[in-house]
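Let's take a look around this protein together. Have the sequence and the 3D view open, and we'll go through them step by step.

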Amino acid sequence: MKIKAKKSLGQNFLIDKNIIKKIVEVGNILPDSSVLEIGAGTGNLTEYILEKKPKKLFIIEKDERLVEKLKERFDKKIDIINKDVLKVSENLICSDRLIVYGNLPYNISTQILSKWITNDRQNNWYENYILMFQKEVADRILANTNSKNYGRLSILSNWKLDVKKILNINSSCFIPKPKVESTLLKFTPKKNYFKLKNSKNLETITRVFFNQRRKKIKKPLNQLFKKSNKIVEKLKLNLDLRPQNLSPETYYELAKEYESLRN
Ligand code: SAH
């Protein structure tokens with residue numbers, strides 16, 4: 001049975017074998033590794049992941065037609081969860097830390113990244129995750145302070161995670177061919193990260209600042225803090241700066257001040 005790609009599920013299947021092999025290598029799968037693949041599609045990556053002989057391979061795939069196909073192709077070698085990844089509690093999948101692969105629709109990659117970062121309770125379920133993004137979004141995740149792409153995504157992603165760019169992938173490596181270029185990123189949890197009570201506060205702070213990214217920081221500061229001059233003094237902020245000039249650490253400090261006033 002030939003499967004027609006569903007546009008609504010962002011189905012762009014990887015067909016370049018060299019690229020697929022490179023992606024699988026990034027996870028360093030060992031015989032005692034447990035692996036999770038999200039959005040396995042017709043199993044192009046799955047096949048090479050299995051060649052590494054991991055202890056376990058779990059699959060999350062939303063499309064029932066593809067679940068059937070995957071069962072036919074790999075039978076008992078995989079453990080399939082036929083669900084929307086956004087609705088799965090990843091920490092319940094397995095007690096081992098998982099190596100996660102996802103060549104997913106771009107919008108889902110961004111949503112799960114944000115789901116995982118802002119999940120304050122489930123932190124230790126993964127060893128690393130290897131995800132495909134639209135190149136433009138990857139550039140925003142990787143951006144440094146003072147650059148044009150720097151913003152909420154860079155600050156949030158770099159809060160709990162070390163992010164590494166693995167490679168850019170040409171759209172001709174996929175079928176059907178997407179309209180944009182892709183970038184593969186690897187995320188590894190930081191041993192030490194700036195502790196906040198609630199990640200929502202960091203989301204709020206960055207939203208208020210970057211909604212007015214061209215304005216000087218005085219305005220968002222006044223909006224967020226009644227006694228903003230105290231905060232300015234404490235964090236030694238220069239009011240001539242704009243949101244893109246503040247380091248991620250400054251945003252974490254601001255989020256901490258913000259949450260300490262809320263309790
Ligand atoms: N990884 C495969 C398939 C890529 S296409 C390959 O590289 O060839 C993206 C896959 O993600 C499709 O199989 C699609 O059905 C699945 N998918 C899309 N949205 C999903 C979601 N919310 N949860 C789980 N799987 C999803």
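## Who's around the ligand?

Keep in mind that this is a predicted model. Start with the shell around the ligand: sorted by class, it holds eight nonpolar, seven polar and six charged residues. That shell is made of 21 residues, and the closest ones are Gln11, Gly39, Glu61, Asp84 and Asn103.

Now zoom in on single atoms. Which residue has a polar side-chain atom 2.9 Å from a nitrogen atom of the ligand? That's Asp84.

Gly39 has a polar backbone atom 2.8 Å from a nitrogen atom of the ligand, while a polar backbone atom of Leu14 lies 3.0 Å from one of the ligand's oxygen atoms. On its own, the ligand has 570 Å² of accessible area, and the protein covers 99% of that.

So where does the ligand sit? You'll find it in the largest pocket.

## Two domains

Time to zoom out. The chain is split into domain 1, covering 7–189, and domain 2, covering 200–262.

Notes. Residues are numbered from 1 along each chain as its sequence is written. This is a predicted model: local features need pLDDT of at least 70, side-chain atom pairs count only at pLDDT 80 or more; totals for chains, interfaces and linings use all residues. Side-chain values use heavy atoms; hydrogens and water are left out. A residue is near a molecule or strand if one of its heavy atoms lies within 4 Å of it. A polar contact is a pair of N or O atoms within 3.5 Å; within protein, one must be able to donate a hydrogen and the other to accept it, and residues adjacent in sequence count only if both atoms are side-chain atoms. Accessible areas come from the Shrake-Rupley method with a 1.4 Å probe; for residues, only the protein chains shown count as cover. On a 1 Å grid over the protein atoms alone, a cavity is a set of points where a 1.4 Å probe fits but cannot get out, and a pocket is an open set with protein on both sides within 12 Å along at least five of seven lines; lining residues have an atom within 4 Å of a point. A molecule sits in a cavity or pocket if more than half of its atoms lie within 2 Å of its grid points. Ala, Val, Leu, Ile, Met, Phe, Trp, Tyr, Cys and Pro count as nonpolar, Asp, Glu, Lys and Arg as charged, and the others, Gly among them, as polar. Domain bounds come from an automatic or database domain assignment.
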